[in-house]
Amino acid sequence: RRVAQASGNYSRDFILWLKKMLEQDPTHRSSIDDAYETAMVCRNELTVVSVVGRTTSRDVMDACASIDTLLSKYESAREDEVVEEDDISKIANAMRQFSKSAEVQTQACIAFYTFIKRNRSNKVIICQSGAIELSVAAMNEFPLNAELQISACRLLHELCLENIENKGAFNEHGGILSILTAMRNLSSNVELQTVACQLLAVFSNDDRNRCLIVAEGGIP
């Protein structure tokens, strides 16, 4: 725990290292578990209240591992292979269950984005899973998490591009305001500013959207 606090290293790699240490030497289970819990607390990913009750940091890590497994499942598949609807539902359900975990939300957005880039036919199933609403909610829940904001913006850009229905769903959940909030909060993050502008551009051909963007300070 002291090592974790002193280094300030609470990245996913650090947490995975702790897990590896525990697996190599179970006699250190207590001390490793303490450090693991400390790291997850500092990342605001501990104690998530889900539909079935109270979950722990270990549950969060298991959820991320499950998403990674689904990604790996399709890495060796044909590029034209459509992701199974059940697999998409598993990821969407993880976003709902672990709504207070930035790690799960980020992993889910990355997975959805990856599936769409591999085969655009996956876009329909992903939208039907509620990905737009869930991604906007994640942006609102973690306004200062750059990795999450970038991943969500990339996914939403793919979902809303040249799709009127999806644009409507995005606006219905206040997506434009979420983008502008992220741009203000992370004004020094070049990557976030870039993907956010790309996402805003998708909505700029509508007069009402343009007025909203200007009214909310999107031009300066």
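**Close-up views of a predicted chain**

**Figure 1. Overview of the chain.** Of the 220 residues in the chain, 45% are buried. The model is predicted. Its secondary structure comes to 13 helices and two strands. Contacts with a sequence separation of 6 or more were examined for range: residues 24 or more positions apart account for 66% of them. The accessible surface of the chain is about 11,600 Å². Carbon and sulfur atoms hold 51% of that surface.

**Figure 2. Packing of helices H11 and H13.** H11 spans residues 175–185, and H13 spans residues 207–215. The two helices pack at an angle of about 35°. Their axes lie 10 Å apart. The crossing of H11 and H13 is right-handed. H11 brings Ile176, Leu177 and Leu180 to the contact. H13 brings Asn209, Leu212 and Ile213. By class, five residues of this contact are nonpolar and one is polar. The contact of H11 with H13 has no charged residues.

**Figure 3. The salt bridge between Lys73 and Glu84.** Side chains of opposite charge can pair when their charged atoms come close. Here the side chains of Lys73 and Glu84 form a salt bridge, at 3.7 Å from N to O. Lys73 lies in helix H4 (residues 57–75), while Glu84 lies in the loop between H4 and helix H5 (85–97), so the pair ties together parts that are eleven residues apart in sequence. How accessible is Lys73? Its relative accessible area is 39%, so Lys73 counts as partly exposed. Glu84 has a relative accessible area of 43% and is also partly exposed.

Figure 4. Lys90 pairs with Asp86 in a salt bridge, with the closest N and O atoms 3.6 Å apart. Both residues lie in helix H5. They are four residues apart, about one turn of the helix. Lys90 is partly exposed, at 46% relative accessibility. Asp86 is partly exposed too, at 46%. Which residues are linked in a network of salt bridges? The members are Lys73, Glu84, Asp86, Asp87 and Lys90. Over the model, the count comes to ten salt bridges.

**Figure 5. The salt bridge between Asp206 and Arg208.** Asp206 and Arg208 form a salt bridge. Their closest N and O atoms are 3.8 Å apart. Are the two partners buried or exposed? Asp206 is partly exposed, with a relative accessible area of 24%. Arg208 is exposed, with a relative accessible area of 68%.

Figure 6. Asn166 is found in helix H10, residues 164–172. Is Asn166 buried or exposed? The cut-off for buried is under 20% relative accessible area. Asn166 has 8%, so it is buried.

Figure 7. Ala152 is found in helix H9, residues 146–160. Ala152 is buried, with a relative accessible area of 0%. Which residues are in contact with Ala152, leaving aside its neighbours within four places in sequence? They are Cys109, Ser135 and Met139. Ile179 is 27 residues from Ala152 along the chain. The C-alpha atoms of Ala152 and Ile179 are separated by 9.7 Å.

**Figure 8. Backbone at Glu162.** Most residues other than glycine have a negative phi. Glu162 has a positive phi of about 55°, although it is not a glycine. Where is Glu162 placed? Glu162 sits in the loop between H9 and H10. Glu162 is exposed, with a relative accessible area of 76%.

**Figure 9. Gln198 and Cys153.** Gln198 has its place in helix H12, residues 190–203. Gln198 is partly exposed, with a relative accessible area of 43%. How far apart are Gln198 and Cys153 in space, C-alpha to C-alpha? The distance is 8.6 Å. In sequence, Gln198 and Cys153 are 45 residues apart.

Technical notes. Residues are numbered from 1 along each chain as its sequence is written. This is a predicted model: local features need pLDDT of at least 70, side-chain atom pairs count only at pLDDT 80 or more; totals for chains, interfaces and linings use all residues. Side-chain values use heavy atoms; hydrogens and water are left out. Axes are lines fitted to C-alpha atoms, for helices over the stretch in contact, and angles run from 0 to 180 degrees between N-to-C directions. A crossing is left-handed if the near helix is turned anticlockwise from the far one by less than a right angle, and right-handed if clockwise. Contact means heavy atoms within 4.5 Å. Ala, Val, Leu, Ile, Met, Phe, Trp, Tyr, Cys and Pro count as nonpolar, Asp, Glu, Lys and Arg as charged, and the others, Gly among them, as polar. A salt bridge is a side-chain nitrogen of Lys or Arg within 4 Å of a carboxyl oxygen of Asp or Glu. Buried means under 20% relative accessible area, exposed over 50%, partly exposed in between (1.4 Å probe, protein chains only). Accessible areas come from the Shrake-Rupley method with a 1.4 Å probe; for residues, only the protein chains shown count as cover.
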